[in-house]
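User: Please take a close look at one helix pair in this structure. I would like the packing first, then the surroundings.

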Amino acid sequence: MTKKQRAALIIDLLEKEYPLADCTLDYDEAWKLLVSVRLAAQCTDARVNIVVKDLYEKYPSPAALAAASVEEIEAIVKPCGLGHSKARDIHKCMNMLMEQYGGRVPEDFDELMKLPGVGRKSANLIMGDVFGKPAIVTDTHCIRLTNRMGLVDGIKEPKKVEMALWKIIPGEKGSDFCHRLVYHGREVCTARKAYCDNCCLSEVCKKLV
């Protein structure tokens, strides 16, 4: 079985197991996903979803966040960890949105990558979830599971995993596939232990076949 064939089977099985694939960060505007994904670094999505409620209540727009001080933002986002660096990036990012993009999140991968605090993972998440473009989000779940499943071979660097997956995952399937890996990685194929007896991929996962 080729990697592309294995990938196609895994995509189909995950679609059946997790039909509702979506981002676990709460947002209703593109700029809010930008903020939340920065806060989610080394923090759970659940905590981020709680913290941003207070942040958006006080600063309900990119302009409001841009006008706030780093210290004011940090006071609210501190529970997410790395408060100062995250607040600094959010402040710079919102200012850049206001100054260069009219307060709108750019619909271009390279432009997104220019924003402070935005890396390939964040840019792909926004391209896929907000704009419906082909995207592959190589977070920790994606990297761990695709290695275990045999879709990549011992690759741990996010960009290299992403490049390898682009070759075998249809672009239009990539975003939802990565969301489903998050669900599967939290519920079944966890970092601590893979519960293979309860896995919907047991017949195709390279770890078991």
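Analyst: Axes here are lines fitted to C-alpha atoms, for helices over the stretch in contact, and angles run from 0 to 180 degrees between N-to-C directions. The model is a predicted one.

Take helix α2 (residues 30-39) and helix α8 (residues 120-129). They pack at an angle of about 145 degrees. Their axes lie 10 Å apart. The crossing of α2 past α8 is right-handed. From α2, the contact uses Leu33, Leu34 and Val37. From α8, Ser122, Leu125, Ile126 and Asp129 take part. Sorted by class, the contact of α2 with α8 has 5 nonpolar, 1 polar and 1 charged residues.

Next, the loop between α2 and α3 (45-58). Gln42 is found there. Its phi is near 55 degrees, a positive value in a residue other than glycine. Most residues other than glycine have a negative phi. Gln42 counts as exposed because its relative accessibility is 75%, and the cut-off for exposed is over 50%.

Leu82 also has a positive phi, near 50 degrees. This residue sits in the loop between α5 (70-77) and α6 (83-100). At 45% relative accessibility, Leu82 counts as partly exposed.

Last, helix α1 (residues 3-17). Its 15 residues reach 21 Å from first C-alpha to last, close to the 21 Å expected at 1.5 Å a residue. Arg6, Ala7, Ile10, Ile11 and Leu14 are the buried residues of α1. Seen down the axis of α1, they fall within an arc of 135 degrees, so they line one face of the helix. The buried residues of α1 pack against α9 (140-149) and α11 (171-187).

Notes. Residues numbered from 1 in each chain as written. Predicted model: local features only at pLDDT ≥ 70, side-chain atom pairs only at ≥ 80, totals over all residues. Heavy atoms only, no water. Helix = DSSP H or I, 4+ residues; strand = E, 2+ residues; numbered from the N terminus. Left-handed = near helix turned anticlockwise from the far one by under 90°. Contact = heavy atoms within 4.5 Å. Nonpolar A, V, L, I, M, F, W, Y, C, P; charged D, E, K, R; others polar. Expected span 1.5 Å × (residues − 1). Buried < 20%, exposed > 50% of the residue type's maximum accessible area, 1.4 Å probe, protein only. Arc of directions from axis to C-beta.
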